[in-house]
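Q: I am new to this structure. Please take me through one part of it closely, and then show me where that part sits.

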Amino acid sequence: MSAGLLETVASQPAPAPAPEASGALETQRARFEWLLGLADDRLILGHRLSEWCGHAPILEEELALANIALDLIGQAQMLFELAAETEGAGRSADALAFLRDSRDFRNMLLVEQPNGDFAFTIVRQFLFDAWDLPQLEALCASRYKDLAGFAAKACKEARYHLRHSHGWLLRLGGGTQESNRRTQAALDELWRFTPELFLTPVLPSMSSTSDASEAHFQETVRAALSEADLTLPDAAPFPALRGRAGLHSEHLGHLLAEMQVLQRSYPGAKW
Amino acid sequence: MDAVESPERRAAFEARIAAGEVIEPKDWMPEGYRRQLLRMMSQHAHSEVVGMLPEGNWITRAPTLRRKIGLLAKVQDEAGHGLYLYCAAESLGVSRDEMLDALHDGAARYASIFNYPTLSWADIGAIGWLVDGAAVVNQTLLAKCSFGPYARAMLRICREENFHRRQGYEIVATLARGTAAQRAMVQDAVNRWWWPTLMMFGPPDAESANSEALMRWRVKRQSNDAQRQWFINLTVPQANAIGIELPDPELEFDAESGNWKSGAVDWDEFRRVLRGDGPCNHERMAARRRAHEEGRWVRQAAQAFEARRRTRAPREISTTPRREPAHV
């Protein structure tokens with residue numbers, strides 16, 4: 001699909017789907033949901049990181065975790081705007097973030113897992129970053145120019161994120177017996193969420209990501225784990241729940257209840 | 001630094017101060033001066049870090065993406081201020097770990113304002129507008145203080161605090177022109193934060209234990225009461241402009257002095273909070289101690305990793321040029 005058609009479809013109001021038009025509308029819907037997935041990953045992970053605020057193990061990490069959270073939420077905001085434009089239903093970025101229920105969220109399960117200890121947060125972040133950076137690099141070549149522009153900016157941030165989480169993975173894996181044990185436990189617990197990272201459909205209008213990104217991810221992870229004296233867990237089974245299809249863990253509902261409380265309690269108010 | 005105090009040395013120091021010179025960490029200084037600055041700077045650093053808690057309480061519930069980003073960035077700034085101030089205080093020969101131990105043991109203080117709870121979103125606006133506004137008054141003066149590292153830290157921090165103050169005022173103003181529920185929310189927040197904010201400037205001049213020496217040493221450039229009055233004069237017109245009432249029925253403009261005269265501050269409450277019996281003293285300290293305890297294994301891991309890296313690969317480090325040699 002060309003970017004020209006995308007703009008045409010996106011600029012039209014969303015009518016009730018007529019049977020003959022359902023092909024084009026489904027594609028538009030698919031594009032919308034695809035962008036939402038990308039946005040929701042970032043909003044939810046950024047939210048989780050922001051929960052550390054005031055409770056991090058060292059002051060330098062207060063700054064780093066807040067910084068990464070800020071990057072991710074900022075990225076989510078840009079993607080929500082692209083998604084809203086694609087949907088063409090007049091919804092704002094805030095409406096997408098604060099007025100959808102958990103079944104309509106499209107983030108992957110990895111990012112909604114509660115923070116746990118610092119090792120758990122770092123492993124979750126490292127797995128996300130190792131997946132995210134090659135994805136964003138590929139998106140820089142997207143035919144959807146606004147998305148390519150977004151990716152170019154986000155890439156710079158994602159490089160720093162990966163350097164940060166990779167650095168801590170090495171420190172924790174190679175630090176003390178306790179830190180190694182905690183980090184291995186986090187890895188064993190979170191590994192089962194990694195197959196989902198590679199189940200997002202490839203939309204030609206959005207991305208050219210292919211199997212290469214999974215190979216890239218595996219290589220990044222394998223190299224880091226070996227350097228950090230950590231053991232790669234056995235291959236995880238096919239996921240029983242799919243965040244991209246709105247099937248989440250029970251954690252997401254609680255996160256949203258907290259995040260959306262003001263928008264839900266005071267409908268229509270301006271903040 | 002030679003610590004021996006003689007009347008001559010002391011006189012020379014006082015003369016430097018009187019001449020408006022800036023004192024640097026390596027300069028000779030009386031022990032009392034060093035102790036006071038260490039007390040103020042570490043207390044200030046602790047306040048930044050403890051102050052992250054009441055505002056952090058609303059990051060996960062901020063009502064829009066823009067507000068979430070704004071609040072998160074503000075709290076991140078506070079962590080940065082804390083870091084910067086700990087470094088500045090370390091120039092006086094005490095480590096960050098020692099200062100943190102003093103905080104966790106209850107030996108060091110932090111600003112008592114952070115012992116009040118944030119009960120609604122409007123509190124985030126009220127803190128930005130009032131608490132950061134008061135901090136700006138105080139810190140603008142500290143930026144001219146006689147100790148170089150503290151003055152420089154304040155210059156930098158003050159710029160950001162000013163931004164926080166504007167951001168807070170904008171939140172308050174938005175709520176003040178919002179729905180009836182929002183207007184009630186913001187008025188309630190101002191009612192709760194106004195008096196504790198006035199207490200931030202410290203006890204009345206007559207009761208201020210540290211003031212006399214601090215003024216002479218040009219650490220403090222204006223008395224507590226003068227700063228408080230300055231803040232009230234700035235804030236009353238801002239409140240009036242957006243239809244917010246300040247909870248002081250005695251507040252009145254005195255044309256002769258040009259000051260807004262306020263009612264009496266409840267200094268008993270101030271002393272109670274200072275003693276540890278404020279609404280959230282227990283929670284704040286418990287949260288700080290817990291974060292410190294739960295982070296211990298992380299800090300140990302980082303230290304062990306660094307130590308091992310240094311002993312395992314000294315050659316690699318020494319033969320790898322990390323920076324280009326400077327041009328001559």
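A: **Helix 6 of chain B and its partners**

Start where two helices meet. In this predicted model, helix 6 of chain B brings B:Gly133, B:Ala134, B:Val137, B:Asn138 and B:Leu141 to the contact. Helix 10 of chain B answers with B:Gln227, B:Trp230, B:Phe231 and B:Thr235. By class, the residues of this contact are five nonpolar and four polar, with no charged ones.

Now look at the geometry. Helix 6 covers residues 121-142 of chain B, and helix 10 covers residues 224-241 of chain B. Their axes lie 10 Å apart, at an angle of about 130°. Angles over 145 degrees would count as roughly antiparallel. The two helices are therefore oblique to each other. The crossing of helix 6 of chain B with helix 10 of chain B is right-handed.

Helix 6 of chain B also packs against helix 7 of chain B, residues 148-176. Here the angle is about 150° and the axes are 7 Å apart. So helix 6 of chain B runs roughly antiparallel to helix 7 of chain B. The crossing of this pair is left-handed. The residues of the contact comprise 16 nonpolar, nine polar and three charged.

Step back to the whole of chain B. Its secondary structure consists of 14 helices and two strands. The C-alpha trace spans about 70 × 55 × 45 Å along its principal axes. Chain B has 328 residues, and 39% of them count as buried. Take the contacts in chain B with a separation of 6 or more: 74% of them join residues 24 or more positions apart.

Chain B also touches chain A. In this interface, 40 residues of chain A are in contact with 40 residues of chain B. On the chain A side, the elements that give two or more residues include helix 2 (22-50), helix 7 (145-173) and helix 8 (177-190) of chain A. Helix 3 of chain A gives the largest share of that side, eleven residues. By class, the chain A side has 20 nonpolar, twelve polar and eight charged residues.

Last, a word on confidence. Chain A has an average pLDDT of 90, and 89% of its residues score at least 70. Residues 1-23 of chain A are below 50. That stretch still has 22 contacts in the model beyond near neighbours in sequence. Where pLDDT is low, predicted coordinates should not be read in detail.

Technical notes: Residues numbered from 1 in each chain as written. Chains lettered and ligands numbered in written order. Predicted model: local features only at pLDDT ≥ 70, side-chain atom pairs only at ≥ 80, totals over all residues. Contact = placed C-beta atoms within 7 Å. Helix = DSSP H or I, 4+ residues; strand = E, 2+ residues; numbered from the N terminus. Nonpolar A, V, L, I, M, F, W, Y, C, P; charged D, E, K, R; others polar. Axes fitted to C-alpha atoms, helices over the stretch in contact; angles between N-to-C directions. Parallel < 35°, antiparallel > 145°, perpendicular 65-115°, else oblique. Left-handed = near helix turned anticlockwise from the far one by under 90°. Buried ≥ 20, exposed ≤ 12 C-beta atoms within 10 Å, placed from the backbone. pLDDT = per-residue confidence, 0-100.
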